[in-house]
Amino acid sequence: MRSLRLDPDLDKKLQRAATLRGESVSEFIRRAAEERADKTLADQPSLRFDDVAGIIRGGGGRARRTGAAFTEGLVQDKQGS
């Protein structure tokens with residue numbers, strides 16, 4: 001649970017806005033906070049694909065030796081130049 005202090009002008013503005021929406025001031029503030037939090041988090045590039053990105057573990061196959069093959073290629077290039 002949180003509590004916050006509002007200056008009198010903002011408090012009156014919130015009361016008017018909540019009344020227009022047919023909500024309590026608390027509900028109005030909760031919805032506003034949620035919308036702002038969602039927008040802020042959506043603006044973070046690292047979180048844009050959080051719901052679909054992940055790690056897939058597989059059995060390997062041809063890709064199993066990719067790192068080793070890359071290293072071998074670098075060594076060969078260095079020896080050839």
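I started at Ser 24, whose side chain reaches the backbone nitrogen of Glu 27 at 3.0 Å. I count a polar contact as a pair of N or O atoms within 3.5 Å; within protein, one must be able to donate a hydrogen and the other to accept it, and residues adjacent in sequence count only if both atoms are side-chain atoms.

The model is predicted: local features need pLDDT of at least 70, side-chain atom pairs count only at pLDDT 80 or more, and totals for chains, interfaces and linings use all residues. Residues are numbered from 1 along each chain as its sequence is written, and side-chain values use heavy atoms, with hydrogens and water left out.

I looked up where Ser 24 sits: the loop between α1 and α2. Ser 24 is partly exposed, with a relative accessible area of 40%. Here buried means under 20%, exposed over 50%, and partly exposed in between (1.4 Å probe, protein chains only). Its C-alpha atom is 9.5 Å from that of Leu 14, 10 residues apart along the chain.

Next I checked Glu 23, in the loop between α1 and α2. Leaving out residues up to four places away in sequence, Glu 23 touches Ala 18, Phe 28 and Arg 31. Touching, or contact, means heavy atoms within 4.5 Å.

Then I turned to the helices on either side. The axes of α1 (residues 8-21) and α2 (residues 25-42) come within 9 Å and cross at roughly 95°. The two are therefore roughly perpendicular, a label for angles of 65 to 115 degrees. I listed the contact residues: Leu 14, Gln 15, Ala 17, Ala 18 and Arg 21 of α1 meet Val 25, Phe 28 and Ile 29 of α2. By class, that contact has 6 nonpolar, 1 polar and 1 charged residues.

Last, I took in the whole protein. I found 3 helices and 0 strands; helices are DSSP runs (H or I) of at least four residues, strands (E) of at least two. Buried residues make up 5% of the 81 residues.

Methods
Axes fitted to C-alpha atoms, helices over the stretch in contact; angles between N-to-C directions. Parallel < 35°, antiparallel > 145°, perpendicular 65-115°, else oblique. Nonpolar A, V, L, I, M, F, W, Y, C, P; charged D, E, K, R; others polar.
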